[in-house]
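Hello,

I'm passing a structure on to you, and I hope you enjoy looking through it. Please open it first, and then read my notes below alongside it.

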Amino acid sequence: MAKKGKKPSETPCKETFEVVPVEGKTPATVVLLLSSPEEDILIKASEAIHTFAEKGDENKITLLGLGALEPLCQLITHSNKLVRRNAFMALGIMAINGDVKSALERIHVIPSIIDKLSLEDIVVHEFATLCLASLSLDFVSKVQIFDSNGLPPLIQLLSSPDPDVQKNSLEIILNLVQDYQCRVVVHEFGGIPPLLELLKSDFPVIQHLALETLQNVTTDRETRNTFREEQGFEKLMDILNNTAVSDLHAEALDALANYLSDSESVQQIHESGGLTRLMDFFLTPNLPEIQSNVVKCITRVAQSPENRKLLHEQHVEKVLVEYLSVEDNGVKMSTCQAVAAMSLHLDSKGRFQELGGIPALVDGLCTECLKLREAATQALAILTHSNDTSAMALYEAGGHEILVQQLQGSCARSVANAAAALCNMAGQEVIRCSILAHGVMQALVEPMKSTDTQVLVNATLCLAVLACDTEARAELQSAGGLQPLVNLLRSYHNEVLQNACLAVNVCASDEPAAVEMCKFGALELLREINQSANRRSSFSELAMISLLNSNLSVKYSLTGHLAFTDIVSDGFYDAGQARAGQRVLSLEELSKKPVNQQRPIIVINTTTEEKTEDDGQKDESQPGSPTEEPWKMMDDVSLQVLVKETKESILPLDDEREQCTALARMVSEAMGGAVEMEKLHEFPWVLHLSELKFQLQSNVIPIGMITRGIYCHRALLFKCLADCIGMSSTLVRGEYNRAWNEVLLLSGNPSSSSGRYMVDLMHQPGRLLAPSTPAAVQYQTI
């Protein structure tokens with residue numbers, strides 16, 4: 001061990017004796033002599049073993065093979081001081097070898113070694129601790145040292161006058177304090193003062209070991225209190241302010257970081273002016289390794305709100321922004337982490353923005369270093385959280401475009417952070433529009449397929465915020481993003497599920513997106529969620545309502561009810577009451593099924609698909625194109641005529657009641673006229689519908705083609721025509737093909753009462769029935 005370039009002199013041995021010449025005796029013979037009853041022979045034999053072992057690992061292995069360990073382990077407890085000393089010397093030198101160390105672990109010699117540490121023999125101390133230093137690298141041996149009460153004598157030996165004893169003892173203690181229980185014992189047995197004293201050692205290796213040990217033990221709160229009482233901060237600052245020992249600065253900062261993680265310690269240092277001294281050191285130009293440790297120290301200190309406030313008052317943001325401009329990626333990465341920690345303090349966000357920290361962080365996004373990109377995205381995500389000024393600064397620096405690109409990266413942390421930052425920025429319309437223009441909806445598709453929980457949480461929330469206009473939702477649908485979104489409804493992670501429901505709710509604002517999500521099973525999943533006490537939430541209930549309101553065909557099939565506010569439009573179809581757990585098929589899926597004996601699907605379509613001249617030319621010019629044409633709804637000319645007639649003859653009527661009555665009669669006439677209740681069984685509606693299915697070779701029938709319709713057909717037609725002219729009407733499904741409409745009449749005619757009425761479309765068309773009257777009940781049930 002070197003003392004500032006010089007080798008320390010060895011401790012002299014008071015007793016001297018003639019060395020047994022190994023050349024004249026074989027190693028095997030010398031090993032045999034270790035079992036001699038004569039003390040003189042034992043002294044010389046153990047000394048010869050030590051000398052032979054010092055010459056290299058090959059000799060140590062030879063001695064191991066000859067069985068030297070067992071007798072040496074017995075001789076370290078010999079009553080003769082010289083025998084004992086020489087045996088320790090031989091054992092300590094041999095233990096450096098890995099094979100010998102493994103053999104020693106099986107002999108369980110540790111209690112005997114520790115027992116002799118109390119002897120006043122520096123040579124024994126040196127080689128006993130040398131042996132334990134080697135053994136303490138093994139977990140089982142560390143446990144044995146601790147269980148044998150090895151720490152108290154080792155702590156005592158930290159004050160030994162011999163630097164080798166100090167070094168060996170430090171190595172053992174350092175290996176042991178990797179375990180929390182040992183750290184507490186070091187403090188309890190007075191280990192902090194001698195550790196701090198060793199910081200002044202003339203030997204750098206001892207200083208390094210002492211600092212590393214302090215770094216471990218100061219993770220304990222009580223130890224930090226003692227560290228403070230023993231002026232530990234001042235002693236570490238003495239090292240930091242000494243340029244001659246700059247190689248110790250990194251470890252000193254590590255130890256200091258633990259101490260400063262305690263708010264009480266930081267407050268006391270601040271009151272004594274120590275925090276200002278520390279900031280001055282932080283601003284001093286230094287090597288990248290030291291700069292990296294500086295910002296790691298700041299990060300540790302900034303873990304509590306109180307500490308962040310003090311650091312802000314010391315203008316720590318200036319230090320960090322300067323460090324963001326250094327060339328070393330490691331320093332930049334650590335600085336980004338410190339910025340993230342400090343940005344939890346609201347005032348620091350503004351300070352970073354004022355000092356130009358955000359453009360510097362954006363530069364970090366462009367690096368090839370994955371760790372730096374991850375740290376930069378994390379800092380930006382926290383900086384922009386609930387801070388429009390920082391979000392605008394990031395936008396002006398072009399960071400949003402790079403963050404969109406980050407969404408497609410391979411690092412899960414970077415993807416999650418990028419999604420969070422974009423979500424924070426999207427609250428401002430000008431930024432949101434620009435983010436959308438850079439293809440964010442397509443970029444979010446892959447993150448929604450991730451197995452990383454935080455990626456899913458952030459990506460779904462980002463999606464929910466960005467999908468607030470029709471164009472964005474259409475882009476997501478076109479990019480294939482709706483299926484992975486619906487798949488997330490299967491998640492049992494509360495936050496993922498909650499955000500997925502929120503995104504579904506937003507995307508369901510458009511009927512095409514709602515229809516496609518239903519096709520992927522969104523409604524069935526939401527019904528299952530809403531029936532679960534653990535998974536149900538206001539978000540899942542809202543998503544369910546939004547999906548149904550944007551897909552009225554499915555809503556009517558599942559709930560059997562359309563409200564006044566539910567306006568049916570082209571493409572609405574009545575597929576009948578859905579069975580429990582059964583997915584409601586789309587109109588296209590239903591149309592492609594072979595003709596069957598089940599009830600027909602009734603569809604509404606008031607438009608006409610006209611084939612353009614260009615389409616015809618395209619068909620002729622591409623004879624090799626696929627013959628299967630895209631599916632489309634069947635034209636319904638009869639319904640178009642009814643809609644026109646309704647607008648021309650019903651809408652101009654002044655009185656709501658008169659409009660309702662007239663429309664009811666029109667519907668009845670279109671569907672076969674009035675039918676007496678007693679003769680209802682004679683009405684040939686079933687045969688008529690069967691004929692239509694056969695004629696069209698389809699299970700789907702346009703409603704205008706039905707000329708013999710019963711309750712359910714008439715009620716649907718009434719709802720369709722009423723919605724066309726803005727008349728308030730519900731559609732309610734009953735049992736046995738029954739359905740009816742309720743209208744809301746707010747007539748100003750004094751002779752007419754206002755309120756809700758059920759409309760008779762079957763027996764006395766145009767008759768208005770109060771919902772609770774016997775006639776209305778009979779209409780619904782018979």
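Which residue in S3 is the bridge partner of Asp574? It is Ile602. Before I go further, please keep in mind that this is a predicted model.

**The five-stranded sheet**

You will also find an open sheet of five strands, ordered S1-S5-S6-S7-S8, with antiparallel pairing. Here the edges are taken by strand S1 (561-562) and strand S8 (768-769); each has a single partner strand, so one side of each is left without a neighbour in the sheet. Further in, strand S6 (residues 739-745) and strand S7 (residues 755-759) run antiparallel and are joined by five bridges. For one of the residues to look at, take Leu745, whose bridge partner in S7 is Gly755.

Helix H43 (residues 656-670) touches S6, S7 and S8, and its direction makes about 160 degrees with that of S6. Helix H45 (residues 711-724) touches S1, strand S5 (731-733), S6 and S7, and its direction makes about 30 degrees with that of S6.

**A pair of helices**

Next, have a look at helix H14 (residues 204-217) and helix H17 (residues 249-260), whose axes come within 8 Å and cross at roughly 20 degrees. An angle under 35 degrees counts as roughly parallel, and H14 and H17 are therefore roughly parallel to each other. Their crossing is left-handed. Where they meet, H14 brings His208, Leu211, Leu214 and Gln215, while H17 brings Glu251, Ala252, Asp254, Ala255 and Asn258. Sorted by class, this contact has four nonpolar, three polar and two charged residues.

**Aromatic pairs**

Finally, how many aromatic pairs does a search of the whole structure find? There are five. One of them is formed by Phe227 and Tyr259, a tilted pair at 4.9 Å centre to centre with 55 degrees between the planes. This pair links distant parts of the chain, since Phe227 is in helix H15 (residues 221-229) and Tyr259 is in helix H17, 32 residues apart.

Terms used
Residues are numbered from 1 along each chain as its sequence is written. This is a predicted model: local features need pLDDT of at least 70, side-chain atom pairs count only at pLDDT 80 or more; totals for chains, interfaces and linings use all residues. Side-chain values use heavy atoms; hydrogens and water are left out. Axes are lines fitted to C-alpha atoms, for helices over the stretch in contact, and angles run from 0 to 180 degrees between N-to-C directions. Helices (H or I, at least four residues) and strands (E, at least two) are DSSP runs, numbered from the N terminus. Angles under 35 degrees count as roughly parallel, over 145 as roughly antiparallel, 65 to 115 as roughly perpendicular and the rest as oblique. A crossing is left-handed if the near helix is turned anticlockwise from the far one by less than a right angle, and right-handed if clockwise. Contact means heavy atoms within 4.5 Å. Ala, Val, Leu, Ile, Met, Phe, Trp, Tyr, Cys and Pro count as nonpolar, Asp, Glu, Lys and Arg as charged, and the others, Gly among them, as polar. Two strands pair if DSSP finds at least two bridges between them. Rings of Phe, Tyr and Trp (its six-membered ring) pair if their centres lie within 6.5 Å; planes under 30 degrees apart count as stacked, over 60 as edge-to-face and the rest as tilted.
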